[in-house]
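The lead comes first, and the points follow by topic.

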Amino acid sequence: MKNTLGRRNFIKLTASASGALVVGLHFQSCAPQKEPAENFSFVPLIEIDTEGWVTLIAKNPEIGQGIKTALPLILAEELGADWEKVKVVQGDYNKAYEEQWAGGSYAVILNWDLMRTAGAKVRHALLEVAAQKLGVPTMELMTRNGMVVHEETERKIPFGELVAEASQIPLPEEVEFKPIETYGLIGKSHPQVDVEEIINGSARYSIDVHLPNMVYATVVKNPVHEGRVAHFDATETRSVHGVIDVIALDNGEYGGRLIGPNSPNFVNGVAVLANSTWAAFKGAEKLQVVWDNATSRKESTAGLFERFHAQLHETTMERQDGNVVQAKKRATSNVEYVYEVPFLAHVTMEPMNCTVDFRADMCEVWAPTQNPEALEQGLVKLFGLEPEQIKIHLPRIGGGFGRRYYVDYAMDAAILSKKMGRPVKLTWTREEDIKHDWYRPASVHKLAASLDDQGKITGWRHVLANASRMTSLGREGRPAGTEIDEYEFPAGFVPHLQLEYGHVLSDVPLGQWRAVGHSATAFAALSFLDELANINQKDPIDYFLEFIGPPRKVPVVGDYAYDAGRLRAVVEKVRENSGWDTLLPKGQGRGFAASKDSGSFVAEVATVQMEENNQVRILRVDAVVDCGIVVNPSGASAQVEGGILEGLCAALYGEITIEDGATVQSNFHDYRWIRLHEAPEIHVEFIKNDLPPRGLGEPPLPPAAPALANAIYAASGVRIRKLPISTQVF
Amino acid sequence: MASFHLIVNKKERTILAEPDTPLLWVLRDILGLTGTKYSCGKGLCGACTVIVNGTSVRSCTLTVDAAAESDILTIEGLSENNDHPLQKAWKEADVPQCGYCQPGFIMSAFDLLSKNPNPTEEEINSALLGNLCRCGTYVRIRKAIHIAASSLNHG
């Protein structure tokens with residue numbers, strides 16, 4: 001296998017004064033013929049010192065998805081490092097790292113080749129030097145556990161003894177990757193690299209940053225999503241011991257609410273600055289603010305859902321195969337149901353916060369961001385800075401789930417630091433965090449199927465209506481694009497299929513979420529399939545497998561084909577693991593759902609019990625996943641467990657409601673999250689194969705809600721067509 | 001401002017603060033013990049859990065005035081070398097994802113095991129239902145507490 005890295009950055013070796021070998025990335029900004037500028041564009045990726053210690057830079061933000069462990073593991077594998085002698089250090093933001101963001105389950109997919117290429121190039125340099133020392137051809141040598149090994153003669157040279165010379169030779173242009181069957185690190189479970197620091201409290205998150213002369217700040221934002229500060233009285237706030245200043249934040253002075261195609265600016269409000277977080281919080285509570293909400297549409301959830309339902313009848317065509325109208329006419333029976341999903345918040349355990357030291361020549365930022373590039377762009381836009389004047393540190397992050405894709409809170413902090421002329425640590429209260437989130441879009445789905453006399457699906461129509469996250473805040477773009485697309489399952493599996501979209505404009509701030517679109521569409525489509533199975537009195541898994549058909553590549557769009565065989569394999573395995581075909585006691589039921597997301601196939605079975613007081617108890621969830629090569633099984637399984645619990649939790653309780661243009665919920669008492677006693681047993685199994693690794697942050701989530709709803713139906717006969725479940729069953 | 005005397009992780013500390021300051025912010029902003037986390041500020045999530053006079057409390061709702069003269073244990077004081085049975089169990093079960101809530105869970109588990117060295121699944125569930133994990137580490141938290149209990153009872 002040859003490396004396929006053909007991007008703007010290239011891997012370069014540098015010798016350090018200490019004799020260590022340093023390899024990093026050079027970033028060629030736009031003109032390939034020019035030499036890259038010194039320093040700014042070089043970032044280290046690997047350092048091996050003369051003692052053989054290997055330092056690997058973790059380039060992507062760590063939000064709990066385990067990427068700080070997974071990417072260095074891939075590199076260490078290809079290098080042949082001894083994981084016990086590897087230190088992982090979080091890298092700062094730098095363009096040279098490329099794709100330095102956390103989102104869409106992409107980090108392993110996008111960095112798989114880069115990490116392997118970097119590791120393979122350094123391995124090659126070490127092998128060459130060792131070959132000279134040992135007087136054997138390079139091809140007879142391999143790296144293992146931090147040493148170059150000549151197996152035939154059992155001679156070994158530790159990396160540390162090779163680095164001084166290895167750093168003097170040019171790296172090869174092209175390298176061979178290690179054969180997958182020789183992997184020793186990948187495929188074995190490793191605890192995440194920060195585990196020691198997490199369990200003794202020394203892990204540093206953004207919210208833990210402390211700088212000399214730092215001011216602590218918090219903000220009170222206009223609860224109404226569109227609106228301004230009319231005036232405020234800070235007399236009582238200023239009387240709070242420790243309060244230093246009170247500053248109004250008006251996004252009108254900074255380019256308005258939208259500062260880029262995909263980068264919203266902050267919500268208007270008033271900031272309180274103090275000598276401690278508590279003084280700032282207390283001062284904020286005493287603020288008397290009069291808001292100007294003349295421009296607000298004063299939307300409500302009830303009103304928005306009415307509009308969504310109405311919009312089901314006025315749609316754009318997103319995909320049309322065959323003729324659903326003809327299919328409907330010819331059908332033995334036609335079935336139609338409507339499903340609803342609510343707005344959802346992110347509630348990361350670490351609330352939005354950011355520390356900024358805005359000096360005359362440099363803006364230095366410590367941010368819990370999934371999207372440092374957007375943060376840099378925001379600072380450039382708001383303050384006219386050059387990228388060279390911006391330094392962004394990426395401390396460990398207390399959860400992301402898509403919320404930290406947006407950088408509004410960091411803009412708050414930068415403005416305050418600039419105004420104060422001092423470093424500022426801004427901490428949002430949980431209340432601000434929930435009220436000023438970028439919610440998972442709510443949506444209404446009409447599903448219609450045409451069936452022949454055998455119950456086979458001949459026609460399928462999925463109509464989705466909602467306010468699109470694409471057009472939220474007046475962003476430009478094709479509204480359907482983020483909500484339902486031509487790839488949507490079961491496109492390709494039904495001869496007559498129609499996907500439609502009904503667009504509603506709204507002021508509710510909408511954005512990314514874990515499996516944002518698919519979490520909604522999969523609930524509708526996979527609940528509907530279960531309904532069709534039950535209508536036809538067929539076992540839901542049998543019906544699903546008949547629907548998917550035999551293993552084959554099902555053409556969907558252009559070159560993209562859906563691998564029905566990989567989908568079948570996870571379904572068949574979960575059937576076995578969950579004991580699907582065994583009898584359950586009365587009051588219990590199993591539900592099934594399976595889907596593909598970010599290149600990974602996931603099948604889940606939920607087992608539930610209906611309690612006497614009409615409460616649902618989730619007893620167990622079985623999941624079988626095919627994500628290609630599993631880099632770190634323990635970390636991968638954690639992603640599956642987390643995705644399932646998040647999916648179940650959202651299905652049970654998750655709901656943001658809007659009244660008079662403002663979010664109603666404010667903390668964990670009214671935005672309920674699943675707790676320990678409600679968490680079921682979860683059994684995860686990965687299909688073993690040698691296919692390139694695919695995403696895992698999102699794929700386990702979408703099947704969870706339909707599997708749960710289908711299980712509730714099996715246990716009780718109650719069909720859930722509207723989430724959250726707690727508004728109906730409990 | 002008033003002066004308060006506390007024993008934090010076996011060290012005598014005297015600090016100046018407003019009497020209504022929650023212990024959480026004394027620990028984080030004054031003493032620099034940032035392992036105790038802010039998340040809800042209302043005693044709803046347990047991220048700020050510490051042990052005060054042998055019992056777990058939410059430090060975001062306990063004022064320094066009420067905590068004065070108390071013996072306080074935070075995550076930083078659990079062990080010298082990360083070798084408390086709970087910490088070892090947390091590593092063995094590879095519990096954390098983002099890790100933000102974990103100090104609070106560990107301190108709640110510390111309280112549970114100090115009173116009930118061999119808890120059942122039900123007892124673990126009910127003792128820790130005040131702690132929230134957003135990433136979904138619950139299955140591993142239960143496992144880690146069983147491991148820790150077993151090592152405390154046999155070790």
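In this predicted model, helix α15(A) is largely enclosed by the rest of the structure, because 18 of its 20 residues are buried. A residue counts as buried if 20 or more other C-beta atoms lie within 10 Å of its own. Across chain A as a whole, 56% of the 730 residues are buried.

**Helix α15 of chain A**
- Helix α15 of chain A covers residues 633-652.
- At 1.5 Å a residue, the 20 residues of this helix should span 28 Å, and the end C-alpha atoms are 28 Å apart, which agrees.

**Chain A overall**
- Chain A contains 16 helices and 32 strands.
- A compact globule of 730 residues would have a radius of gyration near 27 Å, and the value for chain A, 27 Å, agrees with that.
- Along the principal axes, the C-alpha atoms of chain A fill a box of roughly 80 × 75 × 50 Å.
- Among contacts in chain A with a separation of 6 or more, 77% are between residues 24 or more positions apart.

**Packing of α13 and α14 in chain A**
- Two packed helices are described by the angle between their axes and the distance between the axes.
- For helix α13 (residues 540-548) and helix α14 (residues 564-577) of chain A, the angle is about 170° and the axes are 10 Å apart.
- Angles over 145 degrees count as roughly antiparallel, so α13(A) is roughly antiparallel to α14(A).
- From α13(A), A:Ile541, A:Phe544, A:Leu545 and A:Ile548 meet A:Ala564, A:Leu567, A:Arg568, A:Val571 and A:Arg575 in α14(A).
- Seven residues of this contact are nonpolar, two are charged and none is polar.

**A:Asp433**
- A:Asp433 lies in helix α11 (residues 430-435) of chain A.
- With 24 other C-beta atoms within 10 Å, A:Asp433 is buried.
- Leaving out residues up to four places away in sequence, A:Asp433 touches A:Pro351, A:Met352 and A:Trp428.
- A:Ile109 is 324 residues from A:Asp433 in sequence, and the two are 31 Å apart in space, C-alpha to C-alpha.

**Where chain B meets chain A**
- In this interface, 47 residues of chain B are in contact with 47 residues of chain A.
- On the chain B side, α1 (23-30), α3 (85-92), α4 (102-115), α5 (121-127) and α6 (138-154) each supply at least two residues.
- The side of chain B that touches chain A has 24 nonpolar, 16 polar and seven charged residues.

Technical notes
Residues are numbered from 1 along each chain as its sequence is written. Chains are lettered from A and ligands numbered from 1 in the order in which they are written. This is a predicted model: local features need pLDDT of at least 70, side-chain atom pairs count only at pLDDT 80 or more; totals for chains, interfaces and linings use all residues. Axes are lines fitted to C-alpha atoms, for helices over the stretch in contact, and angles run from 0 to 180 degrees between N-to-C directions. Helices (H or I, at least four residues) and strands (E, at least two) are DSSP runs, numbered from the N terminus. Angles under 35 degrees count as roughly parallel, over 145 as roughly antiparallel, 65 to 115 as roughly perpendicular and the rest as oblique. Two residues are in contact if their C-beta atoms, placed from the backbone, lie within 7 Å. Ala, Val, Leu, Ile, Met, Phe, Trp, Tyr, Cys and Pro count as nonpolar, Asp, Glu, Lys and Arg as charged, and the others, Gly among them, as polar. The radius of gyration is taken over C-alpha atoms; the globule rule is 2.2 Å times the number of residues to the power 0.38. A residue is buried if 20 or more other C-beta atoms lie within 10 Å of its own, exposed if 12 or fewer, and partly exposed in between; C-beta atoms are placed from the backbone. The expected span of a helix is 1.5 Å times one less than its number of residues.
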